[in-house]
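This report goes through one protein model, part by part. Please look at the sequence and the structure before reading on.

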Amino acid sequence: MRGPEPRPGWVVTADAAIDTDLGVLKTGKEADVFLLERAVPDDPDQFSLLAAKRYRSSEHRAFHRDSAYVEGRQVRRSRDRRAIERKSSYGREAAAAQWAGAEFAALTMLWSAGAPVPYPVQIDGTEILMEFVGEHASSGEADGSAASRVAAPRLARVRPDAGTVEAYWDQLRHAMGVLAALGYAHGDLSPYNVLAQGERIVIIDLPQVLDLVANPHGTDLLMRDCRTMCTWFRSRGLDVDEGELFAELIAQAW
């Protein structure tokens, strides 16, 4: 399955393109992320760097909070649903594909709505290819140099000045507002899954995005997102309140 249209100009779609793994970007509880080069040999204009997120089956991952996030989700194929419930080997693979599919769908929805998330290039089973968010090169500017292969740092790792903190806060409110207006919450939002790419933020790690109405834990997890992010911004000197943010988002959701 391909990403939404219109595709960004940097996306390489040529049949002659070759994918090359360049190493691990991040290891996580439920998936690992690799840096991947997609290029057409002898055509320097046909080049891009991608992040390849590869989900593990449930027996090889350490993500134990599934139940709170999947309530209210529907598994379309009855065979998959029964296999997941039995926890068979096929069911474990189906569960991993379910998480990958949920993240790809969330990225597609949010990118199309104008939220600051990586562009989802394609999904194949339990692997998602998406925009690589680099520290020194924006999309379309990657040239294969060492600098262009440096991932943008996580928000938790940066020390921005006061003006940048305010700009990040405005962007975060907008992004959370886009989600809320669509009826969703991130569900696991923290400074560790928000990237700081220069003057902009990019939200990542979206497999657990949840429906605020269908999921009985929806508003509780939204409040947790608000509390976690407001705590970080207060630690950087910004006077923000999680209750006010939560009320603002709920107003946009209903």
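## Nonpolar cores

The largest nonpolar core has 47 residues, of which L155, W169, L172, M176, I203, L206 and F233 touch the most other members. A nonpolar core here is a set of buried Ala, Val, Leu, Ile, Met, Phe, Trp, Tyr and Cys residues joined through side-chain atoms within 4.5 Å. Buried means under 20% relative accessible area, exposed over 50%, and partly exposed in between (1.4 Å probe, protein chains only). Helix α4 (residues 162-181) gives the most to this core, namely nine residues. Helices (H or I, at least four residues) and strands (E, at least two) are DSSP runs, numbered from the N terminus. At least three core residues come from each of domain 1 (18-148) and domain 2 (152-253); the domain bounds are taken from an automatic or database domain assignment.

M176 touches L189, L222, D225, C226, L245 and L249, leaving aside residues up to four places away in sequence. Contact means heavy atoms within 4.5 Å. A second, separate core has nine residues, including F34, L36, Y119 and V121.

## Basis of the model

This is a predicted model, in which local features need pLDDT of at least 70 and side-chain atom pairs count only at pLDDT 80 or more, while totals for chains, interfaces and linings use all residues. Residues are numbered from 1 along each chain as its sequence is written, and side-chain values use heavy atoms, with hydrogens and water left out.

## Cysteines

How many disulfides does the structure hold? It holds zero disulfides, a disulfide being a pair of cysteine sulfur atoms within 2.5 Å. For C226, the closest cysteine sulfur is in C230, 6.3 Å away, which is too far for a bond. C226 is buried, at 0% relative accessibility, and C230 is buried, at 0% relative accessibility.

## The sheet

Five strands form an open sheet with antiparallel pairing, in the order β1-β2-β3-β5-β4. Strands β1 (18-27) and β4 (120-124) stand at the edges with a single partner strand each, so one side of each has no neighbour in the sheet. From one strand to the next, the twist averages 25°, an angle between N-to-C directions (0 to 180 degrees) of axes fitted to C-alpha atoms.

Two strands pair if DSSP finds at least two bridges between them. β1 pairs with strand β2 (residues 31-40) over eight bridges. I18 has A39 in β2 as its bridge partner.

## Backbone details

The peptide bond from E5 to P6 is cis, with omega near 5°, and P6 lies in the segment before β1.

D42 has a positive phi, near 65°, and is not a glycine. D42 sits in the loop between β2 and β3 (43-55) and is exposed, with a relative accessible area of 84%. D205 also has a positive phi, near 60°, but is buried at 17% relative accessibility.
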